Structures are given as C-alpha cells and as structure tokens.
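Dear colleague,

Please find below the structure that I would like to hand over to you.

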Amino acid sequence: MANTYKLISSVTVGVGGTANIEFTNIPQTYTDLQILLSGRDTGNGDWFSINFNNSSSNFTARQFFTNGSAAYSYVKSDANEQGVNNNTSTTANTFSNTSIYITNYTSSGNKSYSIDSITENNASTAYQVLSSLLWSNSNAISNIKIIPSGSIFAQYSTAYLYGISNA
Amino acid sequence: MASTYEKIQSSIVSNGTTITVDFTNISQAYTDIIIVGNLGCTKHSNRAPIRINNDTGSSYSTTYLRGNGSSVLASGDSNITSGFMFDNIAIPTSLNGNCILIFNNYSDTNTYKTFLCRHGSTSQGTAVSVNTWRSTSAISSIQIVAGSGGEPGTNYWLVDSTFTLYGILKA
C-alpha cells in the first residue's frame, strides 16, 4: 500500500528571523494537509494568524483557551489569534508546539480545520488553545501564510507541511 | 517521515440514510491507528457514539473537555455502552465538523484500549475526549454512529461526510 503521509515542504527560520512562514504552490494531489509548527515571536506577541491564498477574510473559529489558572471559550470571526507562540517574555529557548490539520483542502466546499496549540513557560502562565475553524471559501488552498502577532518568527522556529492522501 | 503512515480504509457517505460508519476487518499489521473525519449530521444532536468490535456492553468510560464558544465544561461518564465524541456539544448540520481519533496499541491483547478524540466545528464548539474500552481484545472494527442525543428521531451523517482510517507502524 502506498505511503500516504509525505513531507511537502519545511521551513527553518535562520539568523535574523522572518516576518512570516509561508508555503506556496502547495500541490493539489493530497486529501488533507498537516502543519507542525514550533514557533517563537521575537516581540511580545502571544498569537499567530493564518491566511489562506493570501486572504484574511471569511475566517471563523470556536476556541477554548487556558492560561494555567482559568479556562475560557469564545467565538471569533477573523483570521487573527488562531494559535499561540512563545514570545520574548517567556523562558528563553522555548518554542511553542502547534498542529494544524486541514481536511479536504482541495474541495469546492468551505474548508474546515483544527488547531491544537500550546506554549510552555517556566512560570505560572502558559497557554493552551484548541480551535475548530472554518475558511468559507470554495477555492482550493494553494498558499498558507503564518504570521506572528508581535514581531517576527525567531531563529530556529520550524514549520513542516505534510500531505496526507486517502487515495 | 518514514513510510509508516498508510491509508487502510476510507468511507465517503453517499446517501442520506447512513447512521453508522463502520470500519471492519481492520488489519492488525500496524502499531497505532488514526481516523480523520470531515463531517456533519442531519440534526444538531450530540453524543456521537464510538463502538469497538460491535461491543454494546457497558464496557466504556469517557472524560471530556469542551468549549462551546461561551463556556468551558469538563465532565465524564463510566460504565456506558460506547465511547463518545461530541459529548455535550452539538454535531454541526453542515460539513464543517472535524474529528481526529487516535487509537494507540490497538492490536495489543494485554491491555484495555484508550483512545483520544479531538473533534469540533466552528459553528458549535471545540472538544477533546478520552475514552477507554475495557477489553483486552485487539480492535478489528470501529463503528462511528450519528448520535441522536438531545433530539428525537433518527440522525444521519450528511452526504459527503468523509472518514479515513490510517495505520501507523513503528517497525
């Protein structure tokens, strides 16, 4: 049986950081996509946003969020704050862990996806966010851009894009 | 990644009368198995049962954490007749629901089977549940049922709901 989980592309952020992590010309030959992100913001940003096909419109989400002391749930209707990054105020050399799973990314229907995202910190406050999201757009996803909310992605941040096929 | 992640079976709901998605005769050749779904149901019911090997006895327990957009709830249940996803959270009535079900060591015949369900939808909420099936039998079939909790009548999986079973091999 064919292998169905393949690395499409990867990014390792170099010296000086990068404003965003972007995957372009994503092949349309898989069923699902998964991105595994290890990120750190060089500023004070806690979050990252995601754009598909260079669009930041028509995103909705329902999330729950914990910070080490309380839990919240809320509804969102923009592309911001989809997952969390470690930042300069958290323990040095510590990066977030995030999984972004996009089902049926080439379909002509709206694109539903999920994000599990956490930071860790040698302190009482760290973040965990689970999100169910929807991009209401019929176009196949060919471009994914991940944008930190504070400054830029720090050196050694990594992102791996995998394609998963059910063929 | 090494060539250890393979599709075993997939199911695309093709009619409006499908209540149960059934993966049968699951190969025992892998270490872990994962089911990925993109789903919706005809009703906003909750509690989509997950049964293993067609066991309908009181062999399951579940613990879940969910956020519905306004509040967070953690709860659970024991000695129940199935595991669950979408417990205390409505199943969407459009195809904006997702689930990822992870069964570790599914073919082990010494231990009970614990499986993790990450599921939700942008219209209803986000949740994670942990379920245990108290059996040492290897998992050879999995049934995912369109739950009817909270609403009368039969619930059905929406046409074009997709479920795919993958195998992950450590060897």
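The C-alpha trace of chain B spans about 45 × 35 × 30 Å along its principal axes.

Please note that this is a predicted model. It scores ipTM 0.89 and pTM 0.93. For chain B, the mean pLDDT is 94, and 98% of the residues reach 70 or more.

As to secondary structure, chain B contains twelve strands and zero helices. From the N terminus on, its elements accordingly run β-β-β-β-β-β-β-β-β-β-β-β. Of the 171 residues in chain B, 49% are buried. Among the contacts in chain B between residues at least 6 apart in sequence, 77% join residues at least 24 apart.

The two chains also touch each other: 31 residues from chain A and 30 residues from chain B take part in the contact. On the side of chain A that touches chain B, the elements giving two or more residues are β1 (5–12), β5 (59–66), β6 (71–76), β9 (111–118) and β10 (128–135) of chain A. By residue class, this side of chain A comprises 14 nonpolar, 14 polar and three charged residues.

With kind regards

Terms used:
Residues are numbered from 1 along each chain as its sequence is written. Chains are lettered from A and ligands numbered from 1 in the order in which they are written. This is a predicted model: local features need pLDDT of at least 70, side-chain atom pairs count only at pLDDT 80 or more; totals for chains, interfaces and linings use all residues. pLDDT is the predictor's confidence in each residue, from 0 to 100. Two residues are in contact if their C-beta atoms, placed from the backbone, lie within 7 Å. Helices (H or I, at least four residues) and strands (E, at least two) are DSSP runs, numbered from the N terminus. Ala, Val, Leu, Ile, Met, Phe, Trp, Tyr, Cys and Pro count as nonpolar, Asp, Glu, Lys and Arg as charged, and the others, Gly among them, as polar. A residue is buried if 20 or more other C-beta atoms lie within 10 Å of its own, exposed if 12 or fewer, and partly exposed in between; C-beta atoms are placed from the backbone.
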